[in-house]
Amino acid sequence: MTEVNKNTKTRTSRKKNNNSPNNSKTLLREHAEHHFSEELEELSKIDNRHRPPNWQLSPWAVTTYLLGGKLDNGFEVSPKYIGDRRIIEIAVATLTTDRALLLIGVPGTAKSWVSEHLSAAISGDSKLLIQGTAGTSEEAIRYGWNYARLLADGPSMDALVPSPLMRAMEDGKIARVEELTRIPADVQDTLITILSEKTLPVPELNSQVQANKGFSVIATANDRDKGVNDLSSALKRRFNTVVLPLPKTIEKEIEIVQRRVESLGRALELPAEPPALEEVRRIVTVFRELRSGVTEDGKTKIKSPSGTLSTAEAISVVNSGMALAAHFGDGILSAGDVASGLVGAVIKDPVQDSVVWKEYLETVVKEREGWKDLYGACREVS
């Protein structure tokens, strides 16, 4: 086989992405490398540690970008992930080797968020993304064809449509695969040769694409999806698996919710005050108690609903409540504003979860001091 020319600039099928910082005022959500470009630039200025080939930052700087901190020049880097430092260190260290990284956990544990920010800090590009679904085909992982060119000129590099994974191999960047276990098993196994040999065969052209240094894959998977399309043992061996847990303490979870809600509020330009700490604490407490099946003081056992009640859902409940308060209230988040979102987050199964929720309202919320307004608002919605 002859190796395909890796000069991507000559590809007519490639176009410059116009989601640049200059367009940021019109974007609902910027890519991480654009939104946090100042932080990445400041880190790059003071980063004198060893950088692996094709990395924009050193592993130390990548970890600092994810976890936040104060730099020697006084610049503050905001935390993107609030949790165990060792988890991020293991993830970053994995990407310096020839192993791919698999981030796994229950829904709402920031797998996609961490994946995006790792790619932004390492490659300066988080857009090389494959979204895994039941309909994801082999072409989405390998490459496709421009059939008009194929019929007119026959198989050629100009007729080939590269996948994000193929582009990452050529450019020495990180490719992201979301919801790997949603992809059919036979399509998943397309990754085996790519991850082990760092080569993507193109048999139609009797050629191959070989990965440049800096290439790796970050995949995410939901451990609630076990049995959907389990990974083969051969594919599992190509990944180093890192489990992202739910926040260990209520204080950590409250901090995560507050930071994300404030960030979303600014992005959506909601004319509402940031939510009071006590209101966020109540929502997070409800989620943690229903998840664990026991009250915070450990004295009362309760039933758990069918949903995951993740931190991401808690953020959504608060954010929805802020929208109600901003547009149909006085701009201050109240129990009435969060009640509908809270009930909707808990009750996924209208039969089973309704029983669990009503029991929790009557035995816990109703009896808790200072929670009468939340009890009344939730009862009204329910």
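How many positive and negative side chains does the chain have, and how far apart do the centres of the two sets lie? In this predicted model, there are 49 positive and 52 negative side chains, with 4 Å between the centres of the two sets.

The secondary structure of the chain consists of 17 helices and 12 strands. The chain is as compact as a globular protein of its length, because its radius of gyration, 24 Å, is close to the 21 Å given by the globule rule for 382 residues. The C-alpha trace spans about 75 × 50 × 40 Å along its principal axes. Of the 382 residues, 48% count as buried. When contacts between residues at least 6 apart in sequence are considered, 71% join residues at least 24 apart.

Strand S8 (residues 174-178) is largely enclosed by the rest of the structure, since 5 of its 5 residues are buried. Both faces of the strand are covered: Ile174, Arg176 and Glu178 are buried on one side, and Ala175 and Val177 are buried on the other. S8 pairs in parallel with strand S5 (residues 129-131) through 3 bridges, and isoleucine 130 has valine 177 of S8 as its bridge partner. S8 is also joined to strand S11 (residues 216-222), again in parallel, by 4 bridges. In this pairing, arginine 176 stands opposite isoleucine 218 of S11.

Helix H10 covers residues 190-197, and its residues Thr190, Leu191, Ile192, Ile194 and Leu195 are buried. Just after H10, lysine 198 adopts a positive phi of about 55 degrees. Strand S9 (residues 199-202) runs antiparallel to strand S10 (residues 207-210), and 4 bridges join the two. Within this pair, proline 201 is placed opposite glutamine 208 of S10. The hairpin of S9 and S10 has 4 residues between the strands. Asparagine 206 in this hairpin takes a positive phi near 50 degrees.

Serine 310 lies in the loop between helix H13 (277-292) and helix H14 (311-328). With a relative accessibility of 3%, serine 310 counts as buried, the cut-off being under 20%. Leaving aside residues up to four places away in sequence, serine 310 touches Pro107, Gly108, Phe287 and Arg291.

Terms used: Residues are numbered from 1 along each chain as its sequence is written. This is a predicted model: local features need pLDDT of at least 70, side-chain atom pairs count only at pLDDT 80 or more; totals for chains, interfaces and linings use all residues. Side-chain values use heavy atoms; hydrogens and water are left out. Two strands pair if DSSP finds at least two bridges between them. The radius of gyration is taken over C-alpha atoms; the globule rule is 2.2 Å times the number of residues to the power 0.38. Buried means under 20% relative accessible area, exposed over 50%, partly exposed in between (1.4 Å probe, protein chains only). Contact means heavy atoms within 4.5 Å. Lys and Arg count as positive and Asp and Glu as negative; His and the chain ends are not counted. The place of a charge is taken as NZ of Lys, CZ of Arg, CG of Asp or CD of Glu.
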